[in-house]
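Hi everyone, thanks for making the time today. I'd like to walk you through one model, so please have a look at it with me.

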Amino acid sequence: MNLLTIVLQQAGAGADYSFLIMMVAIFAIMYFFMIRPQNKKRKEIENFRKGLEVGQSVITAGGIYGKIKEIEDSTVIVEIASGVKIKVDKNSIYADAQAQAQSQAK
């Protein structure tokens, strides 16, 4: 009975390490599959907004397609139709994927 008690105590101590290893593995999986890609995408969008140019095709957060006519400190003037211009915050400007695909195909 003494030997059985010692074996059971050893099995219980090993469970603590396996729990710790499992928690580290879960954090590593979350980092590589969720946190890291999200940070990478955020940096790409941030770099895109820093490199905005007049004449570039963009999409607003509301889904409006247009071309940049003027760039100010925190806003952008976007022409959505001939003669129709709107003022949009830079943080709500995204790249127009269709325009980029067409320019790369040429």
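Let me start with a question: in which helix do Glu46 and Lys50 both lie, and how many residues apart are they? Both belong to helix H1, with a spacing of 4 residues, about one turn of the helix.

Before I go on, a word on what you are looking at. This is a predicted model, in which local features need pLDDT of at least 70 and side-chain atom pairs count only at pLDDT 80 or more, while totals for chains, interfaces and linings use all residues. Residues are numbered from 1 along each chain as its sequence is written, and side-chain values use heavy atoms, with hydrogens and water left out.

By pLDDT I mean the predictor's confidence in each residue, from 0 to 100. The protein chain has a mean of 85, and 77% of its residues reach 70 or more. Where pLDDT is low, the predicted coordinates should not be read in detail. As for those labels, helices (H or I, at least four residues) and strands (E, at least two) are DSSP runs, numbered from the N terminus.

Now back to Glu46. Its side chain forms a salt bridge with Lys50, the closest N and O atoms being 3.7 Å apart. The term stands for a side-chain nitrogen of Lys or Arg within 4 Å of a carboxyl oxygen of Asp or Glu. Glu46 also meets Arg42 in a salt bridge, at 3.8 Å from N to O. Arg42 and Glu46 are again 4 residues apart in helix H1, which covers residues 2-50. Put together, Arg42, Glu46 and Lys50 are linked in a network of salt bridges.

How exposed are these side chains? I call a residue buried under 20% relative accessible area, exposed over 50%, and partly exposed in between, using a 1.4 Å probe and protein chains only. Glu46 is partly exposed because its relative accessibility is 36%, and Arg42 is partly exposed too, with 45%. Lys50 has 64%, so Lys50 counts as exposed.

Let's move to the sheet. Two strands pair here if DSSP finds at least two bridges between them. There is an open sheet of 5 strands in the order E4-E3-E2-E1-E5, with antiparallel pairing. E4 and E5 (93-95) are the edge strands, each pairing on one side only. On average, neighbouring strands are turned by 50° against each other, direction ignored; the axes are lines fitted to C-alpha atoms, for helices over the stretch in contact, and angles run from 0 to 180 degrees between N-to-C directions.

E2 (residues 65-71) and E3 (residues 75-81) pair over 4 bridges in the antiparallel sense, and the hairpin they form has 3 residues between them. Within this pairing, Lys67 stands opposite Glu79 in E3. E3 then pairs with E4 (residues 84-89), antiparallel again, over 6 bridges. Here Ile77 has Lys87 in E4 as its bridge partner, and Ala81 stands opposite Val84 in E4. This second hairpin has 2 residues between the strands, and Gly83 in it takes a positive phi near 85°.

What does the side chain of Lys87 meet in a salt bridge? The partner is Glu72, at 3.8 Å from N to O. Lys87 lies in strand E4 and Glu72 in the loop between E2 and E3, so the pair ties together parts that are 15 residues apart in sequence. Lys87 is exposed at 57% relative accessible area, whereas Glu72 is partly exposed at 32%. A search of the whole structure finds 4 salt bridges.

Finally, the rings. The structure holds 1 aromatic pair. Tyr31 and Phe32 form this pair, edge-to-face, with 5.1 Å centre to centre and 80° between the planes. For the cut-offs, rings of Phe, Tyr and Trp (its six-membered ring) pair if their centres lie within 6.5 Å, and planes under 30 degrees apart count as stacked, over 60 as edge-to-face and the rest as tilted.
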